[in-house]
Amino acid sequence: MFLALTLLLPIPVSNRKKNKRILSEKSYGKLTARERILLLLDPDSFDEYDMFVEHRCSDFGMDSNKNKYPGDSVVTGRGRINGRLAYVFSQVWFCLLSLVTDFTVFGGSLSGAHAQKICKVMDQAAMVGAPVIGLNDSGGARIQEGVESLAGYADIFLRNVLCSGVVPQISLIMGPCAGGAVYSPALTDFTFMVKDTSYLFITGPDVVKSVTNEDVTQEQLGGAKTHTAVSGVAHRAFENDIDALLNLREFFNYLPLSNRDPAPVCECHDPSDRLVPELDTVVPVESTKAYDMLDIIHSIADEREFFEIMPSYARNIVVGFARMNGRTVGIVGNQPKVASGCLDINSSVKGARFVRFCDAFNIPLITFVDVPGFLPGTAQEYGGIIRHGAKLLFAFAEATVPKITIITRKAYGGAYDVMSSKHLRGDANYAWPTAEVAVMGAKGAVQIIFRGKEANAEAEYVDKFANPFPAAMRGFVDDIIQPSTTRMRICHDLDVLASKTQSSPWKKHANIPL
Amino acid sequence: MVLVKVEEEKMHVSGGRKACVLFISRFLLFFSLQTFEKLLIANRGEIACRVIKTCKKMGIKTVAIHSDVDANAVHVKMADEAVCVGPAPTGKSYLNMDAIMEVIKKTRAQAVHPGYGFLSENKEFARRLASEGVTFIGPDTHAIQAMGDKIESKLLAKNAKVNTIPGFDGVFELLSNCSPLLGYPVMIKASAGGGGKGMRIAWDDEETREGFRFSSQEAASSFGDDRLLIEKFIDNPRHIEIQVLADKHGNALWLNERECSIQRRNQKVVEEAPSTFLDPETRRAMGEQAVALAKAVKYSSAGTVEFLVDSSKNFYFLEMNTRLQVEHPVTECITGLDLVQEMIRVAKGYPLRHKQADIPINGWAVECRVYAEDPYKSFGLPSIGKLSQYQEPLHVPSVRVDSGIQQGSDISIYYDPMISKLITYGSNRAEALKRMEEALDNYVIRGVAHNISLLREVIVHPRFVQGDISTKFLPEVYPDGFKGHKLTDLERRELLATAASLYVAEQLRSQRFLGTPRIPIAKSKRSSWELSVRLGDGNYPIAVSKDGSSFSVEVDGMKLNVTSEWNLASPLLSVTVDGTQRTIQRLSRNASGDTRIQFLGTVYKLQILTKVAAELSKYMPEKAAEDTSSILRSPMPGAVVAVSVKPGDTVSEGQEICVIEAMKMQNSMIAAKTGKVKAVHCKAGDTVGEGDLLVELE
């Protein structure tokens with residue numbers, strides 16, 4: 001009871017200094033669960049739930065008062081981020097009580113009570129229609145509780161799935177998360193990590209060593225670098241706890257609160273009819289030369305701001321959020337600078353997941369196309385490029401949000417169809433004068449058609465197809481636009497398309513080729 | 001457009017003669033139509049654009065030449081016709097005489113303006129043009145040749161009774177007793193030299209002998225000509241030059257002087273006209289000698305006679321440049337003449353239309369050369385990249401900007417990294433300098449490093465303002481190198497208050513959503529903020545409170561009032577702090593509170609956090625920066641098409657190191673930092689896999 005009362009008091013940050021254990025943890029550079037909430041939410045906006053809940057385990061001496069802590073190992077509640085509602089849970093890797101020295105609440109492990117608390121905020125969030133943000137820092141199941149703990153995980157997983165597509169769910173991994181603790185983040189829409197202090201893995205290095213005899217460090221196995229660049233499990237990594245929480249606040253402003261809300265529109269100082277003269281020269285004269293798609297994205301977005309998702313993974317496709325005249329949009333672009341901007345397994349999956357998020361939450365999609373095709377080769381075919389490439393095709397075809405496409409240069413072959421083409425219910429499809437919409441590059445096409453016998457055939461093919469006119473004549477692109485007017489055109493279209501309604505035939509759900 | 005504005009401005013200055021000048025200029029404009037039908041500009045960048053502007057005014061059709069990388073350049077778009085003359089390296093394009101002659105034939109251009117640099121002082125080019133019957137807009141071959149040779153030009157000058165630096169003319173043989181005649185220090189120069197090559201200063205006999213040996217070797221290897229000359233070294237001189245204009249009828253004028261003493265590595269940075277140092281007598285004496293020299297070589301067209309002037313106003317002939325100078329706009333501003341127009345007229349054979357008495361000094365003009373370079377590294381090392389944002393300060397009154405680039409242009413390694421010439425003028429020097437300050441603050445250049453900070457520091461430096469300058473100005477004023485503006489306590493408070501106000505304005509805006517949300521937004525009633533701002537090594541607690549549209553900011557126990565429109569999208573922000581209005585630029589910001597602000601020309605890095613976040617950030621781990629910049633790995637499997645470097649080469653950040661072809665696309669691999677190449681692990685034709693090590697830097 002005494003402990004509970006101390007928890008009710010506001011906790012001065014300065015108390016941290018008095019605590020030996022925190023000082024010794026300083027090398028980890030981690031904040032406590034409440035400090036994290038303090039930084040994430042608007043000042044004085046946090047309403048906490050279930051502060052008096054305790055775990056119910058009685059085995060292994062867990063029922064002694066010494067092992068019971070009010071609130072158990074998670075802090076839950078609701079608050080505001082820039083005035084907008086969000087539900088939050090923050091796992092307690094360490095409990096800050098100035099009167100008690102040196103204790104952790106079971107390393108943030110998940111007890112039945114812990115799970116129950118999380119489920120409560122998720123249920124409320126789904127009911128009200130507001131996002132759920134998890135600040136994950138949990139060692140996994142609380143072994144003392146056995147199946148109770150596993151049941152708790154399943155309860156959370158079920159809610160993650162039920163909330164999916166209803167309210168945005170964001171996980172910020174702020175410490176080691178192992179075992180069952182990793183699946184909840186995997187089910188959410190976005191997983192962010194903190195560099196050097198957070199890990200995600202099914203089993204830690206010790207178990208790996210005993211099972212497969214591999215020597216691997218925590219960082220190599222499941223650090224931020226691994227998951228943002230190699231596995232694609234995490235969407236972005238930040239420098240430290242503070243950096244991550246401040247970025248999360250900014251990221252939150254891009255998201256609608258639920259699938260019932262339109263994409264948010266912020267106050268915007270950047271004129272919607274701003275011309276972007278540099279776009280007239282951004283595509284190099286030689287069609288084999290690369291350029292940076294991010295240059296185009298930055299120059300058309302409001303105030304050059306672009307929140308890139310998965311910037312270090314499958315870099316041949318760029319995805320992320322920006323604003324156009326204040327309204328959140330999702331941007332997908334092939335990146336000619338990396339592997340010529342081709343589509344491969346990883347980039348298709350990366351793009352598909354992002355497109356589906358935008359579609360689920362009413363965020364218009366803007367697609368910049370410069371794609372030479374799907375990457376050929378045994379590695380890709382054996383890996384199932386057909387199945388994975390189909391995911392991106394599926395996602396674009398299925399999406400009913402406003403879809404605007406700009407072909408900046410190459411739109412070759414099947415990849416042309418995939419990249420939000422007119423045929424997949426694109427609302428506004430534009431081509432720059434540098435666009436080439438064709439089945440393949442001229443050289444390859446001529447080799448097939450003429451078996452290399454026709455000398456002038458290549459020039460003829462270039463003349464016929466290496467330009468946007470054949471597509472424009474058939475209405476497959478709506479207009480050939482001056483690149484410098486791209487921002488203006490997109491903003492105008494978005495204004496009109498804000499009232500777009502489109503439906504697909506009734507179904508229980510579609511069957512995306514997973 | 002800009003030129004017309006200049007003329008109008010000048011007319012305004014000259015007041016009473018306005019009507020008369022207007023009449024004459026209209027008459028002459030008609031008259032000058034009878035020059036050439038089509039003119040080719042054998043140059044690129046700002047000077048090509050500058051020439052095209054005058055041609056348009058005169059009704060002359062223009063032909064631009066360009067290299068393949070310049071296909072989208074501004075001068076190409078401005079010209080009526082444009083022809084590619086070769087690949088990027090200048091030797092294969094802008095210096096490619098055969099290709100240029102071909103273009104002249106094809107386009108039937110009647111005349112060629114060479115601009116400056118490239119072929120402007122190439123007698124072979126002038127000769128080839130003459131043999132084809134094409135007019136070279138510049139002096140004839142004889143004058144180019146005579147003035148291009150340091151020994152010959154000095155002899156000519158001497159004969160024309162022009163003051164020359166005491167020394168030994170003609171071919172110099174090593175004489176151990178030469179120096180006592182001149183007195184130390186002496187300068188040993190290569191006769192055919194230029195750009196500081198083969199040049200040495202000696203302070204005694206021993207150094208003279210050594211200098212002679214090295215200089216002759218260097219001269220032989222650089223110019224294929226080991227002739228040397230030795231002359232008295234003028235310590236701490238000013239560099240003042242006289243603009244001359246001569247026609248083919250034996251008339252010549254001097255158009256006053258330009259002071260170009262602010263230099264780094266023998267390259268001019270700030271120029272002005274007139275000079276604070278010259279009195280009317282000295283000016284006339286220099287002008288008359290310059291004209292005498294021009295007449296002696298039967299000079300026609302515009303030219304510049306450079307002098308070194310010592311502290312007692314003795315002046316010595318240095319050399320004559322037989323072309324249009326980079327810094328010609330300052331002369332145009334104070335005289336009202338369009339030098340390019342005059343050059344074209346003279347080339348056509350018209351006599352000069354002015355008398356010496358017609359040449360005024362109207363007001364004062366200052367020119368700053370804005371370079372894409374990092375001034376913190378030996379006053380400027382080139383920087384390359386794409387101009388992601390670019391906006392010239394043309395809204396500031398009495399500003400002329402001569403540039404050949406625009407937003408989106410690439411500053412490449414192939415050409416001079418000059419972004420533009422920024423010229424301001426006023427009725428006196430103080431006014432011109434004040435406008436320059438404003439113009440520099442209002443100049444938006446993003447995407448490449450630039451030297452605005454250095455330029456701004458120079459023009460407000462007390463020594464410069466007093467006119468106490470010499471060619472040693474920069475090394476004397478900044479002996480440890482340029483470090484940017486040093487904030488006074490007051491300025492630091494202003495910067496902190498501005499940054500904190502910007503942060504709060506941004507925070508407030510991020511709570512403003514349009515439309516009526518389903519779940520009401522909790523309106524913040526907050527009107528005060530406690531922040532902590534890190535600037536340099538200092539952490540400053542700052543309290544901000546909102547007061548209508550302005551902010552009241554407490555820094556170091558002092559209250560400042562900050563007002564602005566807070567347009568957070570505009571690259572330029574006008575902010576008033578306690579009544580002092582300044583234009584600042586917020587270059588970047590991010591969610592972590594990192595902000596870069598250009599304030600008084602210099603870019604300051606700040607981190608702005610709430611007090612709570614700042615206190616907690618003490619517990620965050622210090623991270624050692626990981627250095628991946630010195631190795632280059634292949635980002636994808638592909639074939640190496642070309643390797644542009646070899647071990648020992650010095651590369652600058654952003655420079656192409658090699659090209660890898662994958663998916664039939666060429667991908668340029670660039671250096672992540674400036675440094676020396678340690679090892680190259682690939683060669684053209686190699687097949688590389690993803691992650692393979694390509695090149696290591698030191």
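User: Hello! How much area is buried between domain 1 of chain A and domain 2 of chain A?

Analyst: Good place to start, and keep in mind that this is a predicted model. Carbon and sulfur atoms give 63% of the area buried between these two domains of chain A. The whole buried area between domain 1 and domain 2 of chain A comes to about 1,400 Å².

User: Which element of chain A gives the most residues to the side of domain 1 that touches domain 2?

Analyst: The elements giving two or more residues to that side are strand 7 (190-194), helix 9 (224-231), strand 9 (236-238) and helix 10 (241-252) of chain A. One of them gives 4 residues, the most to this side of domain 1 of chain A. That element is helix 9 of chain A.

User: Now for the two chains. How many salt bridges are counted between chain B and chain A?

Analyst: The contact takes 48 residues from chain B and 65 residues from chain A. Between them, chain B and chain A bury about 4,800 Å², with 57% of it on carbon and sulfur atoms. The salt bridge count between chain B and chain A is 5.

User: Which residue of chain B forms a salt bridge with Glu250(A)?

Analyst: In this pair, the closest N and O atoms are 2.8 Å apart. That falls within the 4 Å cut-off for a salt bridge. The partner of Glu250(A) is Arg589(B).

User: Which element of chain B gives the most residues to the side that touches chain A?

Analyst: Three elements of chain B give two or more residues to this side: helix 18 (489-509), helix 19 (611-616) and strand 36 (665-670). The element that gives the most supplies 4 residues to the side of chain B that touches chain A. It is helix 19 of chain B.

Methods: Residues are numbered from 1 along each chain as its sequence is written. Chains are lettered from A and ligands numbered from 1 in the order in which they are written. This is a predicted model: local features need pLDDT of at least 70, side-chain atom pairs count only at pLDDT 80 or more; totals for chains, interfaces and linings use all residues. Side-chain values use heavy atoms; hydrogens and water are left out. Buried area is the accessible area (1.4 Å probe) that two parts lose on being put together, summed over both. Contact means heavy atoms within 4.5 Å. A salt bridge is a side-chain nitrogen of Lys or Arg within 4 Å of a carboxyl oxygen of Asp or Glu.
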